[in-house]
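User: I am new to this structure and would like to know what stands behind the terms used for it. Please take me through them one at a time.

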Amino acid sequence: MKIERIETERLILRKFEERDLQDLYEYLSDKETVAFEPYDPMSYEEATNCLAERMESDEFLAVEEKMGGKVIGNIYIGDRYAESVEIGYVFNRKFWKKGYAYEACSSVCEYVFRQRVHRIEANCDPLNEASWKLLERLGFLREGFLQKDIYFRKDEKGRPIWKDTYIYSRLNAPAGRDFEEIREREIQMWEAAKNRDKEAFLKVVSKDAVMVCGGYRCTGAEYARIIEEFDCKEYRISDFEVVARDPEFIQVHYQITTSVNEEANQDLAGTFHITTTWKRYGEKFKVVFNMDR
C-alpha cells in the first residue's frame with residue numbers, strides 16, 4: 001500500500017530519503033533494537049543498501065520526530081490477499097516508552113481503514129512482550145499461536161533455531177468500527193460533562209451504570225445530575241486502549257488530562273486513569289461501568 005505522508009502531533013511518517021542513512025544505521029545496527037527481527041544488526045554498508053531499497057519501496061514509512069527532525073524508526077505496511085495488509089514496526093530503542101510507536105501505528109491503522117481495507121494482520125514473537133502488548137493497545141486481537149513454525153537463524157551446528165509466532169488481526173468491521181465508535185463515544189461522554197448536558201450524557205451512559213469517581217460511587221442517573229454543576233474547561237484523552245472485548249462488552253482504559261474554570265475546583269484538574277466498560281445495546285454501546293483513579 002502506498003502512503004505518501006501522515007502527520008501526527010509529534011511525528012511525520014513519510015518515504016525514506018537519502019538524508020536518513022545515519023539515523024537508519026543507528027537503530028538497524030543496534031543488537032537490542034533488532035533482537036526480534038529476521039536479520040542481524042547491520043553494517044554501515046548493509047544499512048546503505050537497505051536505505052536504497054526502502055527509498056524505492058511503497059511498503060516502508062520512515063518515522064520522523066517533528067521536534068528534532070530525526071528518524072526514530074519505521075513502519076512496514078504490505079499488501080496481502082483479500083483486501084488485507086500486514087503491519088510491522090521497528091523503533092530506535094533510545095525512543096522506547098515514549099508513546100511514539102503507538103502514535104505512529106495508530107495513525108497508520110486509521111489511514112489504512114479509511115482506504116476501505118478489510119483487515120490488518122501482524123505476526124509477533126511471543127517473547128516480544130512489548131510488541132504484542134502494543135498490538136493489543138491498538139485494538140488487535142490475538143487469533144492464533146503457531147508452535148515452532150519459523151526460523152531466521154541457525155545454531156553453531158547448523159540446526160534451525162525454531163521460533164513460535166502469535167498471530168494478531170484487527171478488522172475494519174465489525175471490530176475495527178467498534179474500537180473507533182467507543183473512542184468517539186468516550187469523547188461524547190466528556191463533551192456532555194463539559195457542557196453540563198444531562199440529556200446528552202444519558203444518551204451515552206446507562207442510567208443504571210456504576211460510576212466510581214473520586215472515590216464516590218453512584219448510578220449513571222445520579223451522576224447525570226452531578227454534571228449539571230461540573231467544571232471542566234478543557235480535556236485531552238491519550239493512551240486509549242482496549243483491554244478486554246467480547247461480542248457484547250468492550251472495556252477500555254485511557255488517560256484524561258483536564259483543566260477547570262474555577263480555582264476552587266482544582267481537585268477536578270489533573271491527569272486521571274479511566275477504566276470504562278461499554279455494553280452493546282442494539283447497534284450502539286452505552287457505559288455500564290466507569291471508574292477513575
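User: How far apart are the mean positions of the positive and negative charges of the protein?
Analyst: The mean positions of the 46 positive and 57 negative charges are 2 Å apart. Lys and Arg count as positive and Asp and Glu as negative, while His and the chain ends are not counted. Each charge is placed at NZ of Lys, CZ of Arg, CG of Asp or CD of Glu.

User: What kind of model is this?
Analyst: This is a predicted model, in which local features need pLDDT of at least 70, side-chain atom pairs count only at pLDDT 80 or more, and totals for chains, interfaces and linings use all residues. Residues are numbered from 1 along each chain as its sequence is written, and side-chain values use heavy atoms, with hydrogens and water left out.

User: Why is Tyr235 called buried?
Analyst: Buried means under 20% relative accessible area, exposed over 50%, partly exposed in between (1.4 Å probe, protein chains only). Tyr235 has 16% relative accessibility, so it counts as buried.

User: Why is Ser84 called buried?
Analyst: Its relative accessible area is 4%, and therefore Ser84 is buried.

User: What makes the pair Tyr235 and Glu191 a polar contact?
Analyst: A polar contact is a pair of N or O atoms within 3.5 Å; within protein, one must be able to donate a hydrogen and the other to accept it, and residues adjacent in sequence count only if both atoms are side-chain atoms. The side chains of Tyr235 and Glu191 make such a contact at 2.7 Å.

User: How far is Tyr235 from Trp190?
Analyst: Their C-alpha atoms are 8.1 Å apart in space, and the two residues are 45 residues apart in sequence.
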